[in-house]
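The points below are numbered and may be read in order.

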Amino acid sequence: MIEIIKSVIVVIFLIVGSLFLITGSLGIVRFPDTYSRMHASGKCDTLGISLILVGLIIYQGLDFVTVKLILILLFVFFTGPVAVNSIIRASFKSGNKMWTVKGWVQWSKERIE
Amino acid sequence: MKKSVFGFAISFIVLYLFWILNSGIFEPFYLALGVISTFTVSYLFHKIFVPIKEPKLLLRTAIRFLLYIPWLVYQIILANLDVAKRVLHPSMPIDPVVISFQSNLKSELSMTTLGNSITLTPGTITIDIDPDGTFYVHCLGREHAEPFLEDVPCEMASRVGYIFGEIER
């Protein structure tokens, strides 16, 4: 009985994680510019991968493999934002335009409200 | 002299635990290999691994950081639900805006932590950080920009500053 409950919880974690990954990929296609696309990919991917890893940790139980999974979780959490930051900063430095409701704007540090 | 020994000891212990957890083998040969390699690495790099030199401060920082994580995870879940809602909504209700605010943080470590936290939380991404602590943030909607503009320093900056003992709460 406990095995069945455990499997159900694991499956729920995996499905919700995959749904977040799909949502992130859909956001990359739907959003208009680099800056808002990174919102979709950066956040949804981090949480999606974390949920899948948590599901795997529950499936594995307490083990040496669990420790490695927890370490992967930590690395994803620390490296995900750094990758997003570097892409956004590169996009800003190369003069990529930003989409707003009023239209496309070229912004610089001096022009911020 | 004493401080560098402390940093060396901390990084040696942490790295050796890391070695044991990753290998999972308790034969003397592998344990000795672990001692040799962790000794070399922590001798060469303990200045990078342990940037805080005071033992008391390090413990305090670690505890406050662990207490900060649950709040951050809660914010991340909110962020994801919000972004997912905007992606899946047929009319895609986004209104991007770039803001800048002064965080009053001083050290590079705290500014990195705040930058990463901002990127992980609802609808905001750090674009750039000036050395004087000014943050440039891209927000997916105008309501996401409000918490940063309400007061100086904003809630998240004061939480991060509290971890590293730079801002009193």
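1. Helices (H or I, at least four residues) and strands (E, at least two) are DSSP runs, numbered from the N terminus.

2. The model is predicted: local features need pLDDT of at least 70 and side-chain atom pairs count only at pLDDT 80 or more, whereas totals for chains, interfaces and linings use all residues. Residues are numbered from 1 along each chain as its sequence is written, and chains are lettered from A and ligands numbered from 1 in the order in which they are written.

3. The sheet of chain B is open and has 3 strands in the order 1-3-2, with antiparallel pairing. Strand 1 and strand 2 of chain B are the edge strands, each with a single partner, so one side of each has no neighbour in the sheet. On average, neighbouring strands are turned by 30 degrees against each other, direction ignored. In strand 2 of chain B, 5 of the 6 residues are buried (20 or more other C-beta atoms within 10 Å of the residue's own; exposed means 12 or fewer, partly exposed in between, with C-beta atoms placed from the backbone). The hairpin of strands 2 and 3 of chain B has 4 residues between the strands, and B:Gly133 takes a positive phi near 95 degrees there.

4. Helix 3 of chain A lies across strand 2 and strand 3 of chain B, at about 60 degrees to strand 2 of chain B. Helix 4 of chain B packs on the sheet, touching strands 2 and 3 of chain B, and its direction makes about 150 degrees with that of strand 2 of chain B. Axes are lines fitted to C-alpha atoms, for helices over the stretch in contact, and angles run from 0 to 180 degrees between N-to-C directions.

5. The contact between the chains takes 31 residues from chain B and 32 residues from chain A; residues are in contact if their C-beta atoms, placed from the backbone, lie within 7 Å. Helix 3 of chain B gives the most to the side of chain B that touches chain A, with 8 residues. That side has 19 nonpolar, 10 polar and 2 charged residues (nonpolar: Ala, Val, Leu, Ile, Met, Phe, Trp, Tyr, Cys and Pro; charged: Asp, Glu, Lys and Arg; polar: the others, Gly among them).

6. The largest nonpolar core has 29 residues, of which A:Ile88, B:Leu114, B:Ile127 and B:Val137 touch the most other members. Such a core is a set of buried Ala, Val, Leu, Ile, Met, Phe, Trp, Tyr and Cys residues joined through C-beta atoms within 7 Å. Beyond its neighbours within four places in sequence, B:Leu114 contacts B:Ser103, B:Leu105, B:Met156, B:Ala157 and B:Val160. Another core, of 12 residues, lies apart and includes A:Phe13, A:Phe20, A:Leu47 and B:Ala79.

7. B:Val5, in helix 1 of chain B, is exposed because 10 other C-beta atoms lie within 10 Å. B:Val73, in helix 3 of chain B, counts as partly exposed, with 14 C-beta neighbours inside 10 Å.

Definitions and conventions:
Two residues are in contact if their C-beta atoms, placed from the backbone, lie within 7 Å. Two strands pair if DSSP finds at least two bridges between them.
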